[in-house]
Amino acid sequence: MTKPFILVTNDDGYLSPGILALRRALEEVGEPWVMAPDRNWSAASRTRVFHKPLRVSTARLSDGTEVHVTNGSPSDCVLLALLGLAPRRPDLVVAGINLGANLGHDVTYSGTVAAAMEGASAGIPAIAVSLDLGSEEGGEGNPDFETAGALAARVARRALAERDLLTQTLLNINVPRGTPKGIRVTRLGGKIWADDLVRGQDPRGRSYYWLSGEMLTTPPPGEEDTDVWAVLSGYVSITPLHLDLTAYGLLPTLRSWEGDKL
Ligand SMILES: [Mn+2]
């Protein structure tokens, strides 16, 4: 039997230690094939580069394995692979391991989740894997890729076994800091950042604005079933997501508007 073919990508760029750990962990599950961005696209969401040509080259990770690298976005990586650059259609798309959690409303900013969305949109089971670094995000830190990698491999095996269930759906996995207390299957929580605008002046006397903020650090009470609560409480969170953003609850009320005179 041929091994499952697994497309691996990320939004932190191919030099991120997260993709190295993910690729290695997925070798236990199938045949990983990497197409990753040549730079950091964090918070790029589902960007699609169509105003300039994409280039693809090969490079090597620090363990010597060959990867494919592009100037395109995380979503472009998946599209390039699906539209002919991968040797065959992937059985699974896995994005990560992202340096920083992707929880609640943040999933719509995330390039990691967007790459998994691209897989889901093509009808391929997909997984996004992110590691909470708290305030260390973007800094030095000492991320524990062992736990996140092992978890990604375990969920990948399950996703492949349930592939008929996971069409048009992705699994958003977030791993907490420290040793996880367990696994929670969750719904999306809310806003996890208290936004802040930092104003300053550059050396030429012009104003600049830096969009910044503080991440929530305590689990929001009354939201025990959410991804935000789970990760801030020390649990691994698995949230099934789909691309249908329709607010079904509003449809019956809004349909009365259909009778309005134009
Ligand atoms: Mn990222």
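Author: Ala95 has Ala128, in strand S6, as its bridge partner. The model is a predicted one, in which local features need pLDDT of at least 70, side-chain atom pairs count only at pLDDT 80 or more, and totals for chains, interfaces and linings use all residues. Residue numbers start from 1 along each chain as its sequence is written.

Strand S5 (residues 92-99) and S6 (residues 126-131) run parallel and are joined by five bridges. Strands (E, at least two residues) and helices (H or I, at least four) are DSSP runs numbered from the N terminus, and two strands pair if DSSP finds at least two bridges between them.

S5 and S6 belong to an open sheet of nine strands with mixed pairing, in the order S3-S4-S2-S1-S5-S6-S7-S11-S8. Its edges are S3 (56-60) and S8 (183-185), each of which pairs on one side only. On average, and ignoring direction, neighbouring strands are turned by 25° against each other; such angles run from 0 to 180 degrees between N-to-C directions, with axes fitted as lines to C-alpha atoms, for helices over the stretch in contact.

Helix H3 (residues 111-121) touches S1, S5, S6, S7 and S11, and its direction makes about 170° with that of S6. H4 also touches S1, S5, S6, S7 and S11, at about 160° to the direction of S5.

The largest nonpolar core has 63 residues, and Val94, Ala116, Ile127 and Ala152 have the most contacts inside it. Helix H4 (residues 145-161) gives the largest share, seven residues. Such a core is a set of buried Ala, Val, Leu, Ile, Met, Phe, Trp, Tyr and Cys residues joined through C-beta atoms within 7 Å; buried means 20 or more other C-beta atoms within 10 Å of a residue's own, exposed 12 or fewer, and partly exposed in between, with C-beta atoms placed from the backbone. Leaving aside neighbours within four places in sequence, Ile127 is in contact (C-beta atoms, placed from the backbone, within 7 Å) with Val94, Ala116, Ala152, Val155, Ala156, Ala159, Leu170, Leu171 and Ile173.

H4 also packs against helix H1 (residues 17-26), at about 45° and with the axes 9 Å apart. On the H1 side, Pro17, Gly18, Ala21, Leu22, Arg24, Ala25 and Leu26 meet Phe145, Gly149, Ala150, Ala152, Ala153 and Ala156 of H4.

S3 and S4 instead pair in the antiparallel sense over five bridges, and Ser57 stands opposite Val69. The S3 and S4 hairpin has five residues between its strands, and Gly64 in the turn has a positive phi of about 95°.

Helix H2 (residues 74-85) has Pro74, Ser75, Asp76, Cys77, Val78, Leu79 and Ala81 buried. Their cover includes S1, S2, S4, S5 and H3.

S9 (residues 193-201) and S10 pair in the antiparallel sense over nine bridges, yet none of the nine residues of S10 (residues 207-215) is buried.

Conventions:
Contact = placed C-beta atoms within 7 Å.
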